[in-house]
Structure formats: C-alpha cells, structure tokens
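Colleague: Please put the model up. I would like to go through it with you in short questions.

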Amino acid sequence: MKLLRGRGARLVGAGLADQVVVAVANAGNSLVALLLLPDTGRAGLLVLALAVGYAAISLNRAFVGEVLLALAPRFEPADRDRLIREGLAAALFCGLFTTFVLFMTWRAFGADLPDLGWVALVMPVVMLQDTARYSLLAQARQQQALVNDLGLVVVQAAAVVALAIGDRVTAGGLVLCWGLGGLAGYAGYVLRGGFLPWRGDPRRWPARTRRLAGWFTATAVVGQVHTLAVTFLIGVGLSESAIALFRMVQVTVLQPVQNFNQAITSLLVPRLSKAAVMAKEQVNVLLRKVMPPLAALAVALVLVGGLLAQLIFPLIPRYADAAPLAWPVLLQAAVYMLQAPVLAALRGMHRGPLQFVQYVVFAVASVTGLVVGALTGELLLAAWGLVAGTCVGFAAALVLYRHALRKDPASKPVRRPKRRLQLQ
C-alpha cells in the first residue's frame with residue numbers, strides 16, 4: 001500500500017503526530033477548565049462558551065479549510081497558492097464577523113454565558129491558524145503543520161502554567177491563553193513561507209468554491225447544531241454538573257479518537273479526490289485497504305479503553321461517576337472511527353449533497369436517542385441513546401456511499417481560476 005511506504009509513511013506519521021498535538025490543544029481548553037477552576041458549575045459554563053467557539057471554528061473550517069483539502073490537490077502550484085491566499089482572506093473575514101456576532105450575543109445573554117465575550121476576542125486568530133493548518137495538509141506538508149501546532153501547544157501551555165503558578169487562573173485568562181497559542185501557530189506558518197490574509201480577496205472565495213463550500217458549510221451547520229443541542233439538552237434536561245461529567249468523558253475518551261479520525265480524513269481526502277477523477281474502482285480499492293486495520297483498532301479501543309476507564313476515573317473523586325459513561329462513549333468513538341473513511345470518500349468524490357443527507361439522518365437519530373434517554377433522568381441512558389443514533393448515522397453513510405459508487409464519481413475537471421491581478 002503506497003500510503004504506508006516511503007514518503008507516504010512519513011506523511012502518515014507526521015499527520016498522526018500532528019493530530020495528537022491538536023488533540024492535546026483542543027482537549028486542553030476544556031480539560032484545564034474542568035481541573036483548574038474550583039467550582040464544577042463554573043467550569044461547566046466555560047465549557048458551554050468554548051463549545052460555541054468550537055462550533056464557529058467548525059463552520060469556518062467547513063467553508064474554507066475542508067474545501068481546500070478536497071479542492072487544492074487538483075490545482076497546479078500557482079493556482080493552488082492563489083486559492084490558499086483567498087481562503088485565508090475569507091477565514092479572516094469569517095473570524096471578524098464571528099467576533100461581532102458572539103460579542104453581541106454576549107451582551108444580550110451574558111448572564112447565562114459569561115465567558116462568551118472572551119471567546120469572541122480570540123476567534124479571528126484561531127480561525128486563521130486553523131485555516132493555515134488545512135492549507136498545509138492540502139499540500140501534503142504534514143511535517144510543517146506538526147511544527148506549527150507544536151509551537152501553539154507549547155506557548156498555550158506555558159501561558160496556562162504561568163497563570164497557575166501566579167494563582168491567577170480565571171475563565172477569561174484560560175481563553176486568552178488559547179488565543180495566544182493560536183497567534184504563535186499562525187506566526188510560525190507565516191515565518192516558514194505562509195501567506196498573510198490580506199494578500200487575497202475574500203470576495204472571490206464564495207464564487208470560486210460555492211459548489212463545495214455551500215454543501216460543506218450546510219453539513220457543518222447541521223453538525224454543530226447537533227453538538228450544541230446535545231450539550232444544552234444535557235444541561236437543561238439534567239444539570240450543569242452533568243455537563244461537566246459528560247464533557248470530561250468526551251474530552252478524555254471521544255475527542256482523542258475524533259482527532260485521530262481527522263488525521264485519517266486529512267490524509268485520505270486529497271488522495272480520494274485525485275482517485276475520483278480517474279475511476280470509481282480506485283476509490284473503492286483505497287477504502288478496502290483502510291477499513292480492516294481501523295476495524296481492529298476500533299475493537300481494541302473499546303476493550304482496552306473501557307477497562308482503563310474503570311480504573312482511572314474512580315481515582316478522581318469529582319469524576320468517579322464518569323466510569324460507567326466510558327462504555328457508551330467508547331462505542332460511539334469506535335463507530336465514528338469506522339465511519340471516517342466512508343465520509344472521507346464522499347468528500348473526495350465531491351458528493352456534498354450526500355454527505356449533508358448523512359449528517360441530517362445522524363443528527364436527528366442521535367438527538368432523538370438522547371432525548372429518550374434523558375427523559376429517564378439518567379445521564380447513562382442518555383449516553384446510550386447517542387450510541388443508537390450514531391449507529392443509524394453509520395448505516396446511512398454506508399448506504400449513501402454505495403449509492404455514490406453506482407454513479408460515476410469522477411468529477412469534471414476543475415476549471416483553473418482566471419488569472420487576475422492580485423492585490424499585493
């Protein structure tokens with residue numbers, strides 16, 4: 001398998017290592033809040049504000065970053081660089097717009113989300129850094145993405161440690177540490193030859209990429225509405241402490257797997273995008289090579305992770321009740337792991353409408369399962385309801401993928417962008 005030989009093996013290694021670093025950075029925001037803020041309820045409020053911020057980042061990633069991942073590999077270098085410049089400009093615009101929206105929301109609902117104003121401040125730089133990372137992954141420059149993300153984690157961790165040593169840990173301070181890390185990551189990108197956002201024109205991005213960006217963004221909207229609905233339904237139906245408990249399990253169990261899935265996706269989508277231009281058999285062959293080792297890894301994840309959780313969570317008195325939750329969350333993570341290559345194939349084949357349908361089915365099924373479980377008043381049953389919905393979503397992904405294969409997934413050749421005078 002070429003993906004695991006020579007330069008391909010180095011890219012896989014760097015890509016997986018980069019996702020480990022990103023997982024540490026993403027999990028760090030919520031995990032540090034849950035561990036360092038003395039009040040569990042106060043930590044739950046910060047987690048809610050961070051969830052809103054991550055939802056906004058995911059929308060920007062769908063609108064810009066994931067489009068770069070699926071589209072840029074089909075361009076020649078000069079045209080690809082132009083596309084990346086315009087993507088970064090679009091990301092900066094999205095970041096500034098998000099800051100305005102979140103700030104106004106904070107002014108209106110600050111009593112319920114007191115930390116949303118801090119999250120609003122860091123959105124532009126965090127979105128820029130995330131888009132820069134995806135531009136590197138689209139160019140198969142996983143090693144440079146790894147170096148930049150290491151810089152992000154080191155700077156953010158150093159800032160958090162400084163707050164802890166000075167006994168000045170606050171919710172706002174932790175959010176600003178996140179923004180400082182994002183600034184360091186983007187600075188590393190620029191210093192190593194990356195582009196500044198004002199070198200591109202954000203107005204050109206929607207016109208050039210609307211065929212993919214529209215469906216990818218619509219899919220992300222469904223996904224983020226689902227994520228926020230799950231978080232808020234647990235808080236309203238159960239309690240703020242239930243949010244903290246469930247989020248602790250997600251951060252330590254589910255989120256690392258999700259970051260691993262993103263690594264797999266970032267490696268597969270560019271290859272599947274090129275393969276889809278050639279023939280549908282190439283897409284299917286690549287998927288058949290990837291699925292068996294992922295299935296074995298998913299089984300090991302549930303068995304080993306579940307047993308470790310029963311040993312580790314009881315050692316933390318505040319989160320001892322999280323141990324039983326590990327089993328349903330691990331099963332959900334395993335299903336996500338098997339589903340990731342299937343969704344990557346739909347992205348690589350530029351089947352945005354089919355991916356959107358899959359997310360709608362998944363969101364409706366999982367929220368329904370959550371509500372049914374939460375009506376009992378038990379967080380554990382609500383978690384099992386999410387597992388049932390996730391299985392329905394996976395089945396839908398397989399059906400839609402087979403439907404896509406029955407059609408010819410080969411896309412029409414991508415038009416090269418018209419050469420226009422670039423703003424310097």
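**Asn148 and its surroundings**

Modeller: Let us begin with one residue. Not counting residues up to four places away in sequence, Asn148 touches Leu136, Gly185, Gly188, Tyr189 and Arg192. Keep in mind that this is a predicted model.

Colleague: Which helix holds Asn148?

Modeller: Look at residues 142-165.

Colleague: Is Asn148 buried or exposed?

Modeller: The cut-off for buried is under 20% relative accessible area. Asn148 has 7% relative accessibility, so Asn148 counts as buried.

**The whole chain**

Colleague: How many helices and strands are there in the protein chain?

Modeller: Read along the sequence, the pattern is α-α-α-α-α-α-α-α-α-α-α-α. The count for the protein chain is twelve helices and zero strands.

Colleague: What percentage of the residues in the protein chain is buried?

Modeller: The protein chain has 424 residues. Buried residues make up 56%.

Colleague: What share of the contacts with a separation of 6 or more comes from residues 24 or more positions apart?

Modeller: Take the contacts in the protein chain with a separation of 6 or more. Then pick out those between residues 24 or more positions apart. They account for 82%.

**Helix pairs**

Colleague: What describes two packed helices?

Modeller: Two packed helices are described by two values. One is the angle between their axes, and the other is the distance between the axes.

Colleague: Are α4 and α6 roughly parallel or roughly antiparallel?

Modeller: Helix α4 spans residues 116-138 and helix α6 spans residues 171-191. They pack at an angle of about 30°, with axes 8 Å apart. Angles under 35 degrees count as roughly parallel. So α4 and α6 are roughly parallel.

Colleague: Is the crossing of α4 and α6 left-handed or right-handed?

Modeller: Follow α4 as it passes α6. The crossing is left-handed.

Colleague: How many residues in the contact of α4 with α6 are nonpolar, polar and charged?

Modeller: On the α4 side, the residues include Trp118, Val122 and Leu136. On the α6 side, they include Gly172, Leu176 and Tyr189. By class, the contact of α4 with α6 has 15 nonpolar, six polar and no charged residues.

Colleague: Are α10 and α11 roughly parallel or roughly antiparallel?

Modeller: Helix α10 (residues 326-348) packs with helix α11 (residues 352-374) at about 150°, the axes being 9 Å apart. Over 145 degrees counts as roughly antiparallel. So α10 and α11 are roughly antiparallel.

Colleague: How many residues of each class make the contact of α10 with α11?

Modeller: From α10 come Tyr336, Gln339, Leu343, Leu346 and Arg347. From α11 come Leu354, Gln355, Gln358, Tyr359 and Phe362. The classes are six nonpolar, three polar and one charged.

**Salt bridges**

Colleague: How many salt bridges are there?

Modeller: A pair counts when the side-chain nitrogen of Lys or Arg is within 4 Å of a carboxyl oxygen of Asp or Glu. By this rule the count is nine.

Colleague: What separates Arg82 and Asp79 in helix α3?

Modeller: Their side chains meet in a salt bridge at 3.0 Å, N to O. Arg82 is buried at 9% relative accessible area, and Asp79 is buried at 2%. Being three residues apart in α3, Arg82 and Asp79 are separated by about one helical turn.

Colleague: Which residues are linked in a network of salt bridges?

Modeller: Start from one pair. Asp201 and Arg204 form a salt bridge at 3.8 Å, and both are buried. The network links Glu86, Asp201, Arg203, Arg204 and Arg208.

**Ala220**

Colleague: Which residues is Ala220 in contact with, leaving aside its neighbours within four places in sequence?

Modeller: Ala220 lies in helix α7 (residues 204-237). Ala220 is 160 residues from Asn60 in sequence, yet 8.9 Å away in space, C-alpha to C-alpha. The contacts of Ala220 are Ser58, Leu59 and Ala62.

Methods: Residues numbered from 1 in each chain as written. Predicted model: local features only at pLDDT ≥ 70, side-chain atom pairs only at ≥ 80, totals over all residues. Heavy atoms only, no water. Axes fitted to C-alpha atoms, helices over the stretch in contact; angles between N-to-C directions. Helix = DSSP H or I, 4+ residues; strand = E, 2+ residues; numbered from the N terminus. Parallel < 35°, antiparallel > 145°, perpendicular 65-115°, else oblique. Left-handed = near helix turned anticlockwise from the far one by under 90°. Contact = heavy atoms within 4.5 Å. Nonpolar A, V, L, I, M, F, W, Y, C, P; charged D, E, K, R; others polar. Buried < 20%, exposed > 50% of the residue type's maximum accessible area, 1.4 Å probe, protein only.
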